[in-house]
Amino acid sequence: MAEADRGVFGLVGAAMLMMPTSVVVAAEYLTIDAAQRAIFPSADSFEPFVLALTGEQKSAIVGLAGPQPPHGSLRVWKAVHAGVPLGYVLLDEVIGRSDLITYAIGIGSDGALTPVEVLAYRESHGAEIRNAAWRRQFADRRDLSELEFRIDIKNISGATLSSEHVTQGVRWLLALWETVLREPSHRS
Amino acid sequence: MQRSTIRISSLLHAAVAIAVGAFAAPPAAAATQQELEAQLAALASEVSTLRSELARVSQEQQATNARAAVPVQVLGQTTDSATVAEAESGLDFFGYGQIDYSRPKDEPSDTTETVSRFVVGMTNEFDEKTRMVSELEVENTVSSADDPGEVEVEQLYIERTFDDRLFGKVGLFLIPSGLLNENHEPTRFYGVFRNRVETAIIPTTWREGGMLMQGTTEFGLRWDAGLTTGFDLSKWDPTSPEGKESPLGSIHQELALAKASDMSGIFALNYTGIPGVRLGASIFSGDAAQGQPGFDDNVVTLWEAHGTWTPGKFEFAALYANGHISNTSKVNLTFIGNPTLIPESFYGWYGQAAYDLFDWDGNSVRPFVRFERLNTASNYSDLSPGLTPENGPDQDIITGGFSFLFAQGVVLKADYQHFHGIGGSDLINFGMGYQF
């Protein structure tokens, strides 16, 4: 083996040795229960919520949200504390590059978004979507005009499709909330 | 749902059995009124319990139905049923393509138009943690002995998810070098053609065979480390200008019966912890002698650093890349008299700015400008006096144009390119591309 090769193997070996410590710490998948608790820590129950949309409501939601990537399944829970509703937890799936990203977000009774929680990311390309700083960009936004991709929610270079599709998905969820879930007394 | 139905049915049967048992007793064995009242009270209690159980089971059933029905019911307008079916089967397809028209301003007879790339990709999930990823590419439309086209397997690897922040790849995969190599689809870069630095210095689309580990951290750091095949310096053709156009592009192997007696290492870091910012660097190094006669310890090293920043509607990108090939003198002495000797070093850098000028309903018009400087032979190792070639000239390329992105994955492009230092006519380019 040439001396240069030994240098290369040393480089790779050293790199691999330094990896596990930073990886193992954050290695757990996020379960639905954990995501619910992360989104509304003070809730004492999460009640499954059944949605049945009319054609008119579907059109209204799409009109508000704008272009959408393919979605997977959607689940909704009402977060409750001592009998008082805190808001909704919405779990959605959108296509990343070629596989579905499973993510969840909370919308408070006042319409404020929580950070996005990523429950499952299934491909290495675009895995940067899990960055805490990127996910926090959604927090406390209340209006679709505050969810413009690239402007309000920054692109992740190298994970453009994943970051754009999750942003579009969140826009759809907020439009759903505004159209169907929002309490009548809070409607503008 | 079936399980719940069975449970409800069993409970009803039990209720009926208790009722029948209570009222079917023969009169001869009739109990006293007190005993009958006690039995009725017990029966009422049983019925009450059964009602509660039925209500609970019914609630469970409703929740189960809701979970099953909501996805289709709610997202029917955005969910492609084929996509769902493919997701369930684990099989998925993707692709991209581009058609380019290029007209030299001063030599219109050299104008060309071609299907630069037509790529079909397929992924398959064997289980929740194991995927196959492949890409098959046709360049320049027709591939035969008399045509300029090529057919290439651009990627073919198995990816294993060890946990949600650690992935491993084995097979033929893209090297994580620069901004373009892993994100080379036409909707992802500005300009009809890929920038020259990430074509001539970093040989995009650059892929090698081997194994690669990739991890990400919560604070936004991604690392890649791998052991792969490398370059083959014995492929260098001193009679061809190809080595001057792209030193590494002329000796890459693309895992086509690649010589693999000498392996290379790749290590890359990328930080995206600040929204809108990406900073990264990579180094690839390995012996390109591959045990071939006349070649010894010819280590190829390519390192680069890059960054992007997207403040508001602006988008800035910059990259610097530097390559080095060791012990070239001995080989070059055998090439004396030929036009293209092996450079010892080569480099390039660029800066690019783009602006999201119009944006409506997911459509976008983005003008951009880019300045590139590169030198594919910035230095030669010393040969005997009078034999060492002169260093190559710096080449400057200024490109300005726009991209019109629409329909979630289609782009139309136009640009103008001015060259300085290497001669050649300015180019007027138009292109169409897509990605899905």
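Accessible areas come from the Shrake-Rupley method with a 1.4 Å probe; for residues, only the protein chains shown count as cover. On that basis, chain A exposes about 7500 Å², and carbon and sulfur atoms hold 56% of this surface. The model is predicted, so local features need pLDDT of at least 70 and side-chain atom pairs pLDDT 80 or more, while totals for chains, interfaces and linings use all residues. Side-chain values use heavy atoms, without hydrogens and water.

Start with chain A. Its secondary structure comprises six helices and five strands (DSSP runs: H or I of at least four residues, E of at least two). From the N terminus, the order is α-α-α-β-α-β-β-β-β-α-α. Of the 188 residues in chain A, 56% are buried, meaning under 20% relative accessible area; exposed means over 50%, and partly exposed lies in between. Contacts are heavy atoms within 4.5 Å. Among contacts in chain A with a separation of 6 or more, 58% join residues 24 or more positions apart.

Now the rings. The whole structure has 16 aromatic pairs over all chains. Rings of Phe, Tyr and Trp (its six-membered ring) pair if their centres lie within 6.5 Å; planes under 30 degrees apart are stacked, over 60 edge-to-face, the rest tilted. B:Tyr434 and B:Phe436 are stacked because their ring centres lie 6.1 Å apart with planes at 10°. B:Tyr434 is partly exposed, at 21% relative accessible area. B:Phe436 is exposed, at 59%.

Elsewhere in chain B, ring pairs join B:Trp309, B:Phe314, B:Phe316 and B:Tyr355 into a cluster. B:Lys413 sits over the face of B:Phe189, 3.8 Å from the ring centre. The criterion is NZ of Lys or CZ of Arg within 6 Å of the ring centre and within 35 degrees of the ring normal.

Methods
Residues numbered from 1 in each chain as written. Chains lettered and ligands numbered in written order. Buried < 20%, exposed > 50% of the residue type's maximum accessible area, 1.4 Å probe, protein only.
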